[in-house]
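Hi,

Here is the structure I said I would pass on.

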Amino acid sequence: MITPFDDTIRGVMEFTWPMIVISVLLFSSIRLMDLFKNKKEFVFYKEVLFLVFLIYVLCLFQVVTFEDPAIGAMQNNLTPFKEILRYRWGSRLFIKNVLGNFVMFVPYGIFTSMYARLTKWYEAFLLVVFASVTVETTQLMIGRVFDVDDIFLNVCGGMFGYFIYFVISKIGHRCPKILRSQLALNLFTVVILGVMIFYVWRVVNG
């Protein structure tokens, strides 16, 4: 059964898949040439993480800048929680506009914390706030709407991502050495990647 969240993912994939295919192939070819030509070490899980982060940023850009006819009837919102509270809990619009804005920034909190090696929550908070305000301001400049509730949801999602990274990093140091080995991390990456691909395939073709 396709849930409202699945339906949202399907809608995103319908207009982002060409960009995903092109960027994956082009970036992978450039990166592999760099590794081969300069005799650099190939670490599968690190390469996949960086590629996923690149695709995520590109998808984020496309999602927040595409032209949506429904936006024409909307107005800027500077009143906190006004938009959040007007949707019925669990409804399709709640999933898309509330949960979607939260989930959309969870990966941002994880990836920025990982690559910048953040150790303080306020470091992640500053980066997430900057990213969300940048997105909302840019949307205002291109004819979309500025919504303070989106910033609140984005920041909550980004900070949730930071705490996921924080917990994993703390647990990771206590794991047996074999589970922290390159082989184990590569296998774990393959499994996660496989689950993600299967989920997207099921939603798109469901």
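**What turned up**

Let me start with R10, which sits in helix α1 (residues 4-37). Keep in mind that this is a predicted model. R10 has a relative accessible area of 21%, so it counts as partly exposed, given that buried means under 20%. From R10 to K82 there are 72 residues in sequence, and their C-alpha atoms lie 27 Å apart in space.

Next, the helix packing. α2 (44-65) packs against helix α8 (residues 182-205) at an angle of about 40 degrees, and their axes are 8 Å apart. That angle makes α2 oblique to α8. On the α2 side of this contact you will find F44, Y45 and V48, which meet Q182, L185, N186, T189, V190 and L193 in α8. Sorted by class, the contact of α2 with α8 has six nonpolar and three polar residues, with no charged ones.

α2 also turns up in a pocket. The second largest pocket has a volume of about 240 Å³. It is lined by 13 residues, and L60, F61, A131, T134 and V135 are the closest to its centre. Which helices each supply at least two residues of that lining? They are α2 and α6 (121-141), and α6 gives the most, with six residues.

Have a look and tell me what you think.

Cheers

Technical notes
Residues numbered from 1 in each chain as written. Predicted model: local features only at pLDDT ≥ 70, side-chain atom pairs only at ≥ 80, totals over all residues. Heavy atoms only, no water. 1 Å grid on protein atoms, 1.4 Å probe; cavity = no way out; pocket = protein on both sides within 12 Å on 5 of 7 lines; lining within 4 Å. Points joined across faces, edges and corners; volume = space filled by probe spheres on them. Helix = DSSP H or I, 4+ residues; strand = E, 2+ residues; numbered from the N terminus. Axes fitted to C-alpha atoms, helices over the stretch in contact; angles between N-to-C directions. Parallel < 35°, antiparallel > 145°, perpendicular 65-115°, else oblique. Contact = heavy atoms within 4.5 Å. Nonpolar A, V, L, I, M, F, W, Y, C, P; charged D, E, K, R; others polar. Buried < 20%, exposed > 50% of the residue type's maximum accessible area, 1.4 Å probe, protein only.
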